Structure formats: C-alpha cells, structure tokens
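Here are my notes on the helix packing in this model. Please read them with the structure open.

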Amino acid sequence: MTSGGTTLPEQSSSGPGGDRGSGRDSDSSDSGPSMLVTMLVDVAAPIGLYYGLTAFGVSDLIALMAGAVVPALATLIRFARTRRIDMLGVFVTSMLVLSLIVSATGGSVRLLLVRDGWLTGVAGLGFLMSLRARRPLAFGFSRRLLERRTAGNRNWDDLWEENARFRRIWQITTVIWGFGLLVDMGVRTLMAYTLPVHLVPALNGAQYGVFMVLMLVIVNVYHARAGLWEILSPPEDERSGRDEHSGRDERSGHDGVTGSDRGTGSDDKRTAR
C-alpha cells in the first residue's frame, strides 16, 4: 500500500453532457502524482535505501526505519505543495510513526517488516466496508479508467441507477478486491515472520507487482463473464434501435400532435360537412 494514492472524487451527474465532461477534466487536473512517481517514492526508494545502508554496515532496524521515513516525508511535501490533506497519506504516515515508535522501543525488526501487511489489510477492510456506502470503492476507482470508454458517453451514475446487473458487478468486484487485499496481508505477514530479514524488503516490493497483475487478471475475467463490457458497449443494432426510439419520441413531442389528435381532427371535419 502506498501513501501517495490519488483521490478519486465522484463525477457530477447534475448537468448535461458538457458539464460531465468538464467534471472529468477538473478531476484529472486535480489528481495527485502519477502512479510511477508514487511507486518510486513509496516502494522503490525505501527498498533501495535499506539495501544501501545495510551494505555499509548499518543495522537492519536502523535501515528499515530510515526507509520508512521516506513515504512520510513525501506525504508532508505533498501537503506543503497542495495544502490538501490526503487521508490515505495521513493514515499511512500514522502507521509508519506508530511502527517506528514500537520498533524503536522494543527493537523489533519483524514489526517493521510486517508494516506493509497491516496497510494492505486495512485497505481490504475498507473495500468490504464500502459495500454499505452509496457507491462501493471498486466503482469509484474503476470509473476514472473506464467511463470514457462507455458507448454513447453514458454517465455511470445513470447506469448505476438504471441497471441492477451493473450494480451487482461492482459490488462483487469490491468483494474480490477486499478479500484479495486480506490474502495479500496474510502472505506479507507470513514472510515477515518466517523468512530471513534481508530477503523480506525485496519480496515485499515484488509482491506489489505480482499482486496487481494477478488481481487485474481475476477481475477482468470476472468482468468478461459477468457481461460488464456488454453493458458499457452494447451491440451496434441495440444502440441504433435505442437512438431511433428516442428520435421518434422527440419528433412526436416536437409536432405537438398525437395520433389520437389527428383522428379527432378528421372526425370534426366529417361532422362539419
């Protein structure tokens, strides 16, 4: 779990298509650092610092504590630049400070090694708890990537309200991510307390990549089987049929005369004769 995750505010659905487009632009402009920068600062830098310091004879405890300070400093720097509180960054920094204090007083290297497991575990619980919220977390995180690919630029809030299968897909996706993160926590905890200390930082870093690839494969297979892509991009004939139907509705409303009105007009003419 990294401390520099970008916030993903839900897009406004209160305006017409132009308003939605501007909402997406403002979201993208307000987003935090790129994922690459985040991974370098919060994952690669602490690992590199740990192995660099231990190569010069620094103890494992001091090297791990020095590496743990890097994400906390990154969070403080981001706050100084943007004056915006990153709740994820504050949580991660609090966990780092707590683990540093406990490790320093008790001399526990293993406690510092299991820190990443705590973070992914709390993230997993957050996903599962979000099922009781208005929108589950998987919906919000995926929306930024996929909404623009929706046929006809349909807003996801509309799909959420209208399509029960769409809601079900994102609820199940959130469960998949929640349990996946809890499993990730278990693996990290097991490594921290059973493997040689010098191996764990590198394996922890590599596990982020392995975990993400594995989870994306699982989630995309589920999405394909559950029919998400059919909802986002229905067949061409279905879309054209919906467009023609809406066009007929618009024309009938534009004319201001219904079939029954025309029939009534004819009857009136015959009566007059």
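**Helix packing around α9**

1. L137, A138, F139, S142 and L146 in α7 meet F166, W170, T173 and T174 in α9. Contact here means heavy atoms within 4.5 Å. Helices are DSSP runs of H or I with at least four residues, numbered from the N terminus. By class, this contact has six nonpolar residues, three polar and no charged. Ala, Val, Leu, Ile, Met, Phe, Trp, Tyr, Cys and Pro count as nonpolar, Asp, Glu, Lys and Arg as charged, and the others, Gly among them, as polar.

2. This is a predicted model: local features need pLDDT of at least 70, side-chain atom pairs count only at pLDDT 80 or more, and totals for chains, interfaces and linings use all residues. Residues are numbered from 1 along each chain as its sequence is written, and side-chain values use heavy atoms, with hydrogens and water left out.

3. Now the α7/α9 geometry. The axes of α7 (residues 137-146) and α9 come within 8 Å and cross at roughly 110 degrees. That makes α7 roughly perpendicular to α9. Axes are lines fitted to C-alpha atoms, for helices over the stretch in contact, and angles run from 0 to 180 degrees between N-to-C directions. Roughly perpendicular covers 65 to 115 degrees, and roughly antiparallel means over 145.

4. Helix α6 (residues 115-129) packs on α9 at about 160 degrees, with the axes 8 Å apart. The two are therefore roughly antiparallel. Their crossing is left-handed, meaning that the near helix is turned anticlockwise from the far one by less than a right angle, with clockwise being right-handed. On the α6 side, the contact residues include W118, F127 and L128. On the α9 side, W177, F179 and R188 are among them. The classes split into eleven nonpolar, six polar and three charged.

5. Which helix passes α10 in a right-handed crossing? It is α9. The axes of α9 (residues 164-194) and α10 come within 10 Å and cross at roughly 160 degrees. That makes α9 roughly antiparallel to α10. This contact holds 20 nonpolar, five polar and four charged residues.

6. Helix α10 (residues 200-226) has 27 residues. From first C-alpha to last, α10 reaches 37 Å, close to the expected 39 Å, which is 1.5 Å times one less than the number of residues. Buried residues in α10 include P201, Y208, F211, M215 and H223; buried means under 20% relative accessible area with a 1.4 Å probe, protein chains only. Just after α10, G227 takes a positive phi of about 90 degrees.

Definitions and conventions: Buried means under 20% relative accessible area, exposed over 50%, partly exposed in between (1.4 Å probe, protein chains only). Angles under 35 degrees count as roughly parallel, over 145 as roughly antiparallel, 65 to 115 as roughly perpendicular and the rest as oblique.
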